[in-house]
Every structure is written in C-alpha cells, then in structure tokens.
Amino acid sequence: MKLFMQWLRRGNVFIWFSGTMLSICLLMIVGLVGFIAAKGLVVFWPQALVQVHGPEGEVLGEITSYEAPFGTEPAKVQFRVGNRDIYGQDFKWFKAAEISRRQEPKDALLIERLENGAFFGSIRDITQDGQPIAIAGAAVEEVKRRLPAMNKLQAQIRKIEKGAVGDLNRKLEDCRRTMESESSAKARAALEQKEQSLKSQYDQLQTELDQLRVKVKTISVTLLTVDGKTKEIPLGGIVRIVPANDLNWFGKVRLYFSRLWEFVADDPRESNTEGGIFPAIFGTVMMVLIMSMLVVPLGVVTALFLREYAKDGLLVRAVRVAVNNLAGVPSIVFGVFGLGFFVYAVGGTLDQLFYSSKLPTPTFGTGGIIWASLTLALLTVPVVVVATEEALAAVPRNQREASLALGATKWQTIWNVVLPGAAPGILTGLILAMSRGAGEVAPLMLTGVVKLAPAMPLDGSFPFLHLDRKFMHLGFHIYDVGFQSPNSEAAKPMVFMTALLLLFVVVMLNLVALRLRRKLRARLGGSTF
Amino acid sequence: MTHPNQENQESHRVQKRARLVDRLMAGVISVGGLTIIAAVLGMMVFIAKEALPLFKPPSSAALSAFKLPPSQGLLLDESGKAAVLVSPREGLHVHRLPDGHLLSTSTDGPKRPWLSHTPLQPRGELLVQGEDGKLTAGALKWAKPSGENNPANWTLEPNWQGSVPVLGAIQKLLSFRLTEGTGLGGGRTLRVVASTSSGLAWLEASLDETQPIALKLVPLPSGLNATCAIWNLDARALYVGTQEGAILDFKMEGEPELLTRSEFGEPISSLGFTIGGTSLLVGGAKGKLAAYQQVRVNEVFQLQPFHAFPALDGEVLGFTYGLRDKRFLAWTSTQVVVDHLTTERRLFSVMVDQATQATIAPRGDLILVGTTDGRVRSWSLSAPHADVSQKSLWGKVHYEGYEKPDFVWQSTGGTDDFEPKFGMMPLIFGTLKGTLYAMLFALPLAIFAALYTSQFASLNLRNTIKPAVEIMAALPSVVLGFLAGLVLAPLFEKIAVELLLFPFATLFCMLLLIPFWSRLPQKWRTIWGDGREVIWVAPLLILGLFVAYQTGPWFERAFLGGSYRAWLQSAHGITFDQRNSLVVGFAMGFAVIPIIFTISEDALNSVPKSLTSASLACGASPWQTAWRVVLPTASPGIFSAVMVGLGRAIGETMIVLMATGNTPVMDWSPFNGMRTLAANIAVEIPEAPLHGSLYRVLFLAALLLFAFTFVLNTIAELVRQRLRKRFETF
C-alpha cells in the first residue's frame, strides 16, 4: 500500500492518465479507418440469400443488421429485401421472434437491374415477342446465355446516346446560334444546308437507335418473388444474375472483382445510389491535376520571391505570417471568394466578351472545373509556399556559393543548383496540396461541382478539354448520396465504398509526402527550422 | 579551331544573355511574387467589397418635374415607365414617363363623372362609384398586342368587373376587397367600407348582384368618430381609425363584432398596409407613424404596436407600399417619406409644397408626388438593401408574426411578401456552440496526448504516433461528417448513456488493476511500463467500453426510468435531436485533435533538455517535471495550438453541415443542433440571387469568418515565433 501511495504521489497516475488520452486518440483513428475499411470492403462480397417465414409470409433477402435485445426492445433483424418496385422499400425490420423456418435456398437469385435496384427471387420464364422460350431453371440458363450479347447491345445504345447524339446536338445548337447572328443571305443559306445535313444525320441515328431499342425490348423476363408476385422486365434491364447461395469461393471472388470493376469504371445509376462512380473519380483527378498545374508555379514563384529575392525585413515577415495564416482560413471562405470573384466577376465578364451570343445561358459565368481548380489552387498555395520555402532554406549555402563563385548569375544558380536541390521539398508540398485538394468539398459546392454531370470535362469532341463544364467529385458524392439522396439507406454501402476510396487516396498521398520529407530531411541533416 | 577573339566574343554574348535572363527573371519573380501575395491578400478586400454595399446609405435623386392633368389618384406601373391617373371626369389614363406623353385612355367602364372612388391599390385595384350610383371594381393590367414590343403601343386595361347597385348615399369610398367565393355558388364577393353622412358604413355583395344592396352602419362604440377604415387582406376583419385615437378591430364574419380596441395616442388620419397585409400602418393627425400587428395575448389576438417610425410634420394623408420588400410610402401635405418596416430605416424623405398625391413604384425605386399646382415631381430611390441594417444584423428585431423582438435567421420564405430575417446572432451563437463542444472534447485529449508523446513515450512509439496523427489531420472532413451524421448520430441516440458511462467504467477498471500493477516487480515494470503505458491502456479502454455497454441499460432503468430521452424530456424539458451538439463536438473534435496535438507536441518537444534535466536532478519525478517545468515553459506554444484549433473548428463546414440539423436555434443544450456561419453559407449561397441582400449578408458572414480565423492564427503565429526566439537563447 505504501508503495502504491508513493506511486500516486510521484504522479505516475497522471502519466497513465495522459497515456490513456493518447490511447483514446489512437484507438479513434484506428477505429475510424478500420470501420470504413470493414464496411467498404464487404460491400461487394456476395451475401447469403436467406429465406424465412415472417409475419406477412415468405421473405427472401440479405440480413443486413441484427439488433440485440436492448432494454424493453426485443431483438430485431433487418432484411434487405430489394424489389423496390414491388414492396416500395428496400429494407424491412422483423422481430427475431416473428421469423421462423430459416433456409438458404440454392436456387435463390439476386438479380441486379438497371432500374429499381436489386431483385431477390427467381426467374419464372423468358419470352421473345410474347412467345415463351424457356421456363424456370432452363430460363435461368437461357438468360445467362443471352445476357452478354444484350449487355453489349445496351452498351452500344448508351455509347450512341452519349457520344454521337450529344455531339450532333451540340453542332446543331452551334449552327443555329451562328445563324441567328449571321446577316448575309449567302452564309445563311450555307448554314441552313449544313443544318439540314446535320438533321438528316440526326434522324438516321435516331432510327438506328430506335431499331436497337426495339431489339432490346423483344426479349423479356418474368421475375418471381418468393411470396408469389411477378414482375416482367426486358432482358436488357438486367445487369447481372447472381446465384448467391450457389457460388463457390472462386465464384464469389470473381463476382467481387466484377462488382468492384463496375464501381470504379461505370457510370452511376438510380440517382447515384447504384452503378459506378467513374465520373466522380475522373472529375476529382482532373480537378486535382488542373489545380496542381496552377498551384506549383504560383507557390514556387511566391516562395522564391520571399526567400531569394525580397529583402528580409518586417514586410517580408508580415507577408510570411499572412501567407501561413491563409492555410488556416476556412475553406468555405475560399469558396465564397471563388463564387464571387471567379464565377460571377471573371466568368461573367468572359461571357459578355466572348460568349454573348449564348447569353443569358452562362458559359463561364457559372460554376465550372476551371473555377473550382483555381479556388482550390488559392486554398492550397500556402501549403506549397511553406514547403518550398523550407526546401529552399535547406539547400546548403556552400552549394550556392560554389555556383556563384564559378561566375553563374543568381538565376542560373537558382535554376541549376537551388531548384533541383529543393525539388523533393516542392514535390512534398505539391503532394500535400493535392491531398488537401482531393478531400476538400465545401468550396467546390459553390464553384462547380454537381451531383450528376451530363458530360465529362475531357472528351472526344472539340476542343477536348472543356474547362467550363461542371464535374463530379468523390467528396461531394459522399455528401450528396449520403444526405440528399431519397434512398440514403440503400445507398449507404456505396457511400462507404466511396469514402474508403477517398480515404485511401488521401492517406496514400500523405504517406508518400511523409516518406519524401523524411528522406529529404535525412539527406540534408535534420530539420531546418 | 576557333579564333580566340571569336571565342571571346562568343563567351561575351553568353555572359550578356545570362545577365539579361538573370535580370529578367528577377523582375518576373519579384512582380509575380508580389502579385500573388497581393492577390491572396486581395481576397479579403474583395469579400469586404462585396459585403460593403449593405451599409451604403440609401440614395435618392430628384428627376425632372413634369405637368400632368389634375387627378385624384396616382399609380406607377411595374417598370416605372408609365403613370396611371384617376380623374372623376375622364376616368383612367396612362402617361409615359418622364415626358408625360398620354398613352391610352380607358373609355368604357362606369359612367362618368364618377361620384367617388377608392385610392388606387399598389397592384392596380380600384373601386369606383359611377354616376349611376353603381359600384364597379377594376384591376389594371397591361394588354400587350401580340408581337408588339414597343410599350408605347400597349394599353392598360382596367378589367372592369361586375357592378353592384347601392342603396344610400356614399360620401367617400374608403376601402374594398374582392374575395373568391367559397360556397357552391362560387361567385366573387365584394366588400366595401365607406363613409356616409350618418357614419361609417359597409356592405357585402356578390359581384353579379342586380338588386340594390343597402349600406349597413358599422357599430362603433358611442363617442367615437371614424376617420378612416381598411379591410384586412381576406376581408374577414375591418380596422377603423377614429378621431379619438382608437384603433378598432372588427371581426366581419357575419355581423360586425368589435374584438379589440387599441389606443394610438393622437387622432388617426390614415391606415395602410405593407406588402403581405400583416402589418397595419397607422398615421396620426399630428404626424405620428407606427406599425401594428395581431399578437396573441392570453389566447386572444390583439392589435399591438411593434414598429415606430420618426414622426412626420403634419397630418398623415395616405400610405402606399412597394411590392418587392417591406418598404412603404407615407405622405403629408408637406412631406413625403419612404420607410422600411423591418429595419425602421427612413430611406427617403423630402419636403414638398401642397402635396395632393404620392406614390411609389412597385419596385420601390421611383417616387411620384403630385402637388396642387398640377405639377408632378419625381425622385429616384436606390436602396437595394433596405431590409438590412446594423440593428437587424446584430440586434433583436420584432418581426411580423413574432410576439416579441428576437434574434432570428430565416432568409427565404415561400411567398413574395415574406419578410427576410437576417439576424446573424443565431449563426454566431451556433458557431461558438459548435466550437465550444468540439474544444471541450478535443483539448484534454490532444494536450495530454501531446504531453505524453513528448515526455513519456518511448522513441519507437513516438516515431509511429506522430505520422499517424499527421495522417489523421489529413482525413477529409466530408468523411468525418458522413460518419458523424449517418453512423455516429443514430448510434449515439441508442447508446448515449453507455458512452457517458464509458469514462467511469474505464476508470473503474483501471482502479481495479492499478494495485496489481504497482505490486509487479520493478524490473517488469521498467521493461513493459515506462514509455509503453499507451499500449497497455488500449485493452483496458476496450474493456471499459464493454463494461459500460453492459451496465448502461441497467443504469438507465435504475436512475433514468428506463429511457434517458423520456427522462430528459420529463425531468428537464430537454428535447433530444438525433443530430445534436455532442455528435458535432465529437466529430469536429476529431478534426481538430491532430492540429492541436502536432503544434503542442512541437512546443513541448522544443523545451530545452537542460531544463528537464535540472528538474529531474533536483529529485522531481518525471510527472512533476512534465507538469511543473515543461508544460509552463511550453504554454505559449500550447496556447497557439489552441488558437489554431479554434480557427479550424470555427470554419469547419462539412462536418457541421452533415452532423447537425442546421436549425438556427439559440440554445446551449447539448442535445439539440445549431447552424454555424460556415454551414449557413454552404446551404444558402447557391440559391442566393447575385448581389441581393442575402448574397451580401452571406459575404459578410464569410468576411466575419475570415477576420476571426485570421486574427486567431496571427496571434498563434506571433506567440509561436516569440517562443521560438526564447528557446534559441538556451
């Protein structure tokens, strides 16, 4: 006991206390990252389809959560029953005591559809132009056999719709606009002719599309729920058929990666709650790249000026404090500035000067990827400035003096000696800036991010890079799907996966920056400040 | 072999070029650097510039005066380019402004000369008693011939509808309303109040009435003489002003029934409304001006004054209002003013001679005043942000429909006559509340963790902890917000009691285990203990969480009656929102912990070894050294860490946006939400019309955030620099 009192008096208990605080912090980090990873990684793993007898009849679905009895509440089980078009909701809660006769039927199917989410049940028959081709088990085989061709057809339609038709539409619109401003009759006639030819092309495409659409619709599949309801959908409306209870381990892995690929490489469906997030990934990457191109020259020039050219005095110190502090200014303030200055002031002026024929529809006078990138470049400039300054200061004095002594001018010294020496530091700053830019959402919401962009900022139509277009973004996707979506419960897994992806990108960028900085410091011998 | 001279020339050229490039780059970088810095700092200037017009005093300018035929009614059309005149002899005619050119005259309609007519309402409604004694209502509307873009060729159609014969002599028509019928008949109902030789009278008639309708007297209390009267918007109530200074409120469903009587203080000469018809404007014979509204007192609605305006210099002769905001015009025979209801600002005031008419354009930017000599004078008025004043931004304002002055933020409503409420206080309050809860959570964790890391942790541990925490700093706030809003908030709702028990449960577990620890041989303790406590504590924490989870329901049953939410509601009257301040505090705390930790740890770490060695050599224990020597020495650094953390918490947007309900309430309760300045900007600015009041107010909010964080960060930076300098001397 005496020992214990002494242990107390010496304050060791407080050491334990502060250790506890640190432990809590670390547990929180590990818990958060682990939680997101766990929730995100299992999203695409096929779950067993469980059939039970509930209070309202047979139920088939995936068990999504279980609540242990809590206080007066009995134990509850949440089923994802899908079939949104039939049941009106994706999820159902049952009291654990209410359900019985649990089984996992081998022939239960999970059918992923283009519309109305997943279907749980089985296939009753498949018909072509109203004539049945196959029923029951044979129908499943038939559907599986015909599905790849149908999906290919579907992809073809989408490609025409998005590519050629959109392209023609834009050309037609351009044509009409120039016609309005064109005064000479001859030019008008030429334009009219052009419009005619475009129109005929358009009609041709439309008939082609119609034919394809009819083809898609000829074969239809009748789906059967476990409680006996049927639903007829075209074969083209099916994305994938998963015999979830009949998959071996290899099949599950294959399915996992197939779904993962769809997530990464496909367009979103059903107001972003299904399908993939490719446009969001693409938009984020584009935005960060444009931002990087802007932020590096800005940051490096500023740092060079502060460290190499400006005379060290009160002014430079004050400016340095100010630039450092900009890093602490809330990002939403940058967003407000971006909206007021870039979008409305600069963009509005550009519209009036160069796009007046399109007004009042704004071209640059509304949010766009260029304004978002510029805003984020401004936001991340302090990061690059601070890192570059640090790196410039770390270039050994003797190297500079050697260069100068050989007769090199100041600029030659900077260009050939100082900047190469500082390159890793600048790169560190850039990577940190990229990581900050990738994770930032608030300023983007004001300057050009949208929940669903009709076209990518980079595509095959002239001039290829469309800086005025709005874009999608991973972070905003999380906010939008998680909080603005009508069906956020069903979209939760997607949000977890998106969050995991964003987290992965940001953490990876930071790890790289960390390593770079450590290497740099080791090379130059310790911290410079 | 090149000639030496050539070589010399060559090297000379190279040198010259190098020097030129050098000078050029020096210039480019200096100019570039300065421009970038100026641009970055110009941000604040730009934001301020956008917010500043809010506080620009309203400006007005006299426009040309012109002559118009004598008239008894005046109205400006929507565009402010035409004026409508009412004259009993010639009916309605329209003049182009500013030259007074006659555009069109309505020739049909009630038989002229008209015996009496009401003033023209701001939307162009008018009731006329023709020579034949019939009452005819009209509503002016521009008729635009198809394809005709020249307003000179447009005509103003009065749309005369119905005419109701009247029994009894009318001296003056005071007010009328046309209401859509509600019954099966469906016809429109005309309600009129007029002064007659025997007193104030009213009638109610269907528009297609052919039989003469008799005027009925309004039953005024004895001794009161009515001077003016006005129907409310749905014609269910009639407000009467009297010579004796009383405002009477009659319920007009069925027979008139006097509900309440309010005293004004001087003879009432004029009654009017602002847009929306909620606020009753009352003008006195001596120039007193006030606004009244119905307020519920003891379950009864009662007219109460809620805005007072500077007095005019004579008897108030009339009111009219703009259709864009809550501004109204009041005039006497010598003075014309425009005031704004919400802010009580006087936007416009002018002295005139012998005014007979005055009106304000629907957009509120043009004022016409007719005088007895037949001249019409006009003024332009520019007050785009009349609905904002210093007082309405920072103080309590009595809004329409509120029982008392209050801090309110509600920027948009569903209707045109909505009164915007730009009170910043609820937002500032929300910001401070969120920050407070975040700091309460983050400070102890971050500072003690930093202390431990810098003073007690083993080197290996420290080298892994620091990068881990740095990565925690880079976590996108949208991910934190998403977890807080969609995972933590519902979870917290379920296990709030368990979470609150968690620290105690952990402490309990520790107290149970510490005696065992202190009994371990010294050797074991040094090998496993020093510098690795954090590892041993982790399982204890998980154990504590488990114990808390197990005892929580029991605790809730034993002390809180089974459900803590019901207990909060019944015992303390606290409502529980799922997305509440505790959730935000946790998530935002999570976001600021790494910042506070990193800066504090740097500061603690930079305390010179000589100090700690001296302390330890004097026999102080490691904790005593850390607490009494290291912490005080590094306190400026920790202070700056707290400042930077505060700055981050104040400006955090996504977490608050996602983890609170974003309701702008002013309540310290940890169990409900708030709306912060930053989240408010994110929510509202996408829909704010460019350069409107809301847009500028949001810029003001951004400026506030900017200034706030800039000051905090500057203080932090200065303190940190001073600290660095101090340690350099060691």
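**Exercise 1. Work out the handedness with which helix 8 of chain A and helix 10 of chain A cross.**

Quick ground rules: the model is predicted, with pLDDT of at least 70 needed for local features and 80 or more for side-chain atom pairs, while totals for chains, interfaces and linings use all residues. Residues count from 1 along each chain as its sequence is written, and chains are lettered from A, ligands numbered from 1, in the order in which they are written.

Step 1. Find the pair: helix 8 covers residues 314-326 of chain A and helix 10 covers residues 369-394. Helices here are DSSP runs of H or I, at least four residues, numbered from the N terminus.

Step 2. Their axes sit 7 Å apart at about 130 degrees; axes are lines fitted to C-alpha atoms over the stretch in contact, and angles run from 0 to 180 degrees between N-to-C directions.

Step 3. The crossing comes out left-handed, meaning the near helix is turned anticlockwise from the far one by less than a right angle.

**Exercise 2. Which residues of helix 8 of chain A meet helix 10 of chain A?**

Step 1. From helix 8 you get A:Val323, A:Asn324 and A:Leu326, which meet A:Pro382, A:Val385 and A:Val386 in helix 10.

**Exercise 3. How many residues of chain A are in contact with chain B?**

Step 1. On chain A, 78 residues touch 81 residues of chain B.

Step 2. Helix 2 (residues 12-41) of chain A gives the most to that side, with 18 residues.

Terms used
Two residues are in contact if their C-beta atoms, placed from the backbone, lie within 7 Å. Helices (H or I, at least four residues) and strands (E, at least two) are DSSP runs, numbered from the N terminus.
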